[in-house]
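Please find below some notes for a colleague who is new to this structure. They are set out as numbered points.

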Amino acid sequence: MKKSLRLENLIIDFYQGAFLKPEKYSEKFGVGERTLFRDLKDIEHLGHTTYWDETRKAYGLVKGQSKLLNNLYFTEEEARTILLCISSFDTPRSPLYGALRLGRNKLLAALEPHVKTSVQEKLKVCGLAQAERYPVQDVLLGKLQSAASEGKQLKITYCSGEGKETKRLIDPWGVVFRQGGWYVVAYCHLAKEIRLFRSDRIQSYNVLKEPEEPIMRDETFSLERYFQNSWGLERGAEVQVCLRFSPQVASQIKHSNYHESQEFTDLEDGSLEMKVTVSGLWEITRWILSFGPVVEVMEPAQLRQDIQKMVQQTQALYAEGELSLQLGEKKTNAD
């Protein structure tokens, strides 16, 4: 069992007033006495105080320590909202899973019994999920976050989308979750510029005690400014895009939040004009194509031409496929 889950189980038991016998711990988790001592020390670091009960021959939690948040007051709405956000990443494959589970249990333990019961009942009928399509190890994510905040340099082996591996020296500036994955914004000494790396593509890493190259750092950097006007992750020249949606989807589009810069204009025929300013066109191009014939690109002209070309290529692909199917049917009939 992962360490984070062992600690979670241990803290929950302590919260419920249980005492921990070393032999039972070893039997339950399949670990030795040294591991138990390390786990107890980690619990101490989290702010709990444990003690040895000679009569029971077991460890217990000092009274008053089981609720670290007992000096804070949470309304039911506040607690429910925080727990709902926690649940969005509360899956075993998430790198945040262990810490979120511990945090959730601490918060629940700090609530008054009637509030806790009400919150748990309401959470049963309310859900929030973040699709983590590209899972990354919690240890790596923690190392990247620490490197970004402490100004550390890393040596990594990175695998590109085409499967090509390269050795790189990077200076992390920030870590962000977008488009189903965790990304690190870093200065790359190989490329001599700021690059975006998908964390799950980092095959190996080493946090350097001393930098091999002068660390490149911008103290004014912010993730918000870095991704300003990005449709998702893409960064490039800023372009104003004008789209016209047909009446059948106009209401759906108008009442959706796609981008901070979006502006809508109702047209006389019931269609809807949408204007956005984006950095780069590739991501918004894929989004436009997902709407098929109910949207038309009005500007820029280059985007309109690119969409036309892609549609023609798709038509040709399906035309070839239809011909192959027909030939296959004739061959089958002949056989």
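Which residue forms a salt bridge with Glu76, the closest N and O atoms being 3.9 Å apart? The residue is Arg80; point 3 returns to this pair.

1. Basis. This is a predicted model, in which local features need pLDDT of at least 70 and side-chain atom pairs count only at pLDDT 80 or more, while totals for chains, interfaces and linings use all residues. Residues are numbered from 1 along each chain as its sequence is written, and side-chain values use heavy atoms, with hydrogens and water left out.

2. Overall make-up. The protein chain contains 11 helices and 11 strands (DSSP runs numbered from the N terminus: H or I of at least four residues for helices, E of at least two for strands). It has 335 residues, 37% of which count as buried (buried is under 20% relative accessible area, exposed over 50%, partly exposed in between, with a 1.4 Å probe and protein chains only). Among contacts (heavy atoms within 4.5 Å) with a separation of 6 or more, 62% are between residues 24 or more positions apart. The chain exposes about 20500 Å², of which carbon and sulfur atoms supply 50%; the areas come from the Shrake-Rupley method with a 1.4 Å probe, and for residues only the protein chains shown count as cover.

3. Salt bridges around Glu76. The whole structure holds 10 salt bridges (a side-chain nitrogen of Lys or Arg within 4 Å of a carboxyl oxygen of Asp or Glu). Glu76 and Arg80 sit four residues apart in helix α4 (residues 76-87), about one turn of the helix. The side chain of Glu76 also meets that of Lys122 in a salt bridge, at 2.7 Å from N to O. Lys122 belongs to helix α6 (residues 113-123) and Glu76 to helix α4, so this pair ties together parts that are 46 residues apart in sequence.

4. Another salt bridge. Arg304 pairs with Glu296, the closest N and O atoms being 3.0 Å apart. Arg304 is partly exposed at 32%, and Glu296 is partly exposed at 33%.

5. Cysteines. Zero disulfides are found in the whole structure (pairs of cysteine sulfur atoms within 2.5 Å). For Cys126, the nearest cysteine sulfur is that of Cys85, 9.8 Å away. Cys126 is partly exposed, at 40% relative accessible area, whereas Cys188 is buried, at 0%.
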